[in-house]
Amino acid sequence: MPSPAERFAAARRRGAASHPALTEFAAGLDFPLDDFQERAAVALEDGRSVLVAAPTGAGKTVVGEFAVHLALAQGRKAFYTTPIKALSNQKFADLSRRHGAQHVGLLTGDSSINSEAPIVVMTTEVLRNMMYADSSTLHGLGYVVMDEVHYLADRMRGAVWEEVIIHLPQDVLVASLSATVSNAEEFGAWLGAVRGETEVIVSEHRPVPLWQHMLVGRELFDLFVEHDPGRSADGRAPVEEVNPELLAAIRERAARGSRRDGPGAGGGYG
């Protein structure tokens with residue numbers, strides 16, 4: 001009887017055989033795919049749109065890059081949309097290095113480079129305008145990556161994301177990426193209603209630590225510190241608590257302010 005490790009290896013080989021595009025894509029990377037990246041890639045190769053919610057630095061853009069890989073493998077186009085021109089310029093440079101400048105275009109409010117390339121990076125507003133103008137550039141479009149899709153909740157610009165998602169042709173798969181979707185399941189259900197089958201993939205692992213600080217006067221303090229498990233009655237693993245030194249500095253600052261504002265404020269407190 002095969003061991004668990006052998007059964008797992010056999011399952012991976014069967015998965016590779018059924019997802020050749022993912023196997024080819026992964027072979028070109030210098031790191032192994034995380035589980036959420038692999039699940040999203042499998043869904044895309046199986047013909048489903050995806051909503052990927054994962055912390056900043058977790059590698060969501062790898063899913064977008066796989067959508068681009070799929071488009072090229074299928075002889076179709078991929079649009080990579082971003083909310084700001086600076087991010088569009090960055091992705092244009094990244095994808096040009098990976099696929100060659102001749103295969104990548106850029107469309108923003110003030111730039112038009114190789115617009116008929118199979119891969120085009122653009123701001124979301126540009127894609128919305130192209131759709132309403134029935135631009136010929138849309139012909140052959142297979143995949144749209146919507147980076148920072150949480151902009152849909154923005155009061156001023158969110159309607160642009162909503163219009164794009166609703167009005168894209170139904171045969172176009174959408175890879176929606178975000179670090180800040182708090183209601184991922186609800187949002188995914190709406191995407192499924194308007195785009196067809198959409199897989200919601202959530203990862204809560206933060207590979208890049210997030211350190212928060214507060215400035216009190218001219219001193220910078222860590223917002224949280226690790227709680228000493230020796231002070232905990234239940235002996236659990238360390239947890240974070242608000243930095244006592246920060247609280248003391250805030251209290252001291254407040255006391256100094258009240259002394260300045262109280263009776264005899266001219267008495268020289270500083």
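Visitor: What makes the 35 residues of the largest nonpolar core a core?

Guide: A nonpolar core is a set of buried Ala, Val, Leu, Ile, Met, Phe, Trp, Tyr and Cys residues joined through side-chain atoms within 4.5 Å, where buried means under 20% relative accessible area with a 1.4 Å probe, protein chains only. The largest such set here has 35 residues, and Leu 44, Val 50, Val 52, Val 63, Phe 66, Val 121 and Tyr 143 have the most contacts inside it. Helix α4 (residues 61-73) gives the most to this core, with seven residues; helices are DSSP runs of H or I of at least four residues, strands are E runs of at least two, and both are numbered from the N terminus. A second, separate core of 27 residues includes Leu 107, Met 122, Phe 187 and Leu 191.

Visitor: On what basis are these values given?

Guide: This is a predicted model, in which local features need pLDDT of at least 70, side-chain atom pairs count only at pLDDT 80 or more, and totals for chains, interfaces and linings use all residues. Residues are numbered from 1 along each chain as its sequence is written, and side-chain values use heavy atoms, without hydrogens and water.

Visitor: Why are α7 and α8 called oblique to each other?

Guide: Angles under 35 degrees count as roughly parallel, over 145 as roughly antiparallel, 65 to 115 as roughly perpendicular and the rest as oblique. Helix α7 (residues 158-167) and helix α8 (residues 184-195) pack at about 45°, with their axes 8 Å apart; the pair is therefore oblique. The axes are lines fitted to C-alpha atoms over the stretch in contact, and angles run from 0 to 180 degrees between N-to-C directions.

Visitor: Which residues make the contact between α7 and α8?

Guide: Contact means heavy atoms within 4.5 Å. Glu 162, Ile 165 and Ile 166 of α7 meet Trp 190, Leu 191, Val 194 and Arg 195 of α8.

Visitor: Why is Asn 114 called partly exposed?

Guide: Partly exposed lies between buried and exposed, the latter being over 50%. Asn 114 has 34% relative accessibility and so counts as partly exposed. Asn 114 is in the loop between β4 (112-113) and β5 (119-123), and its phi is positive, near 50°, in a residue other than glycine.

Visitor: How do you know where confidence is lowest and where it is highest?

Guide: The pLDDT is the predictor's confidence in each residue, from 0 to 100. Helix α1 (residues 4-18) has the lowest mean, 56, and β6 the highest, 97. The chain averages 86.
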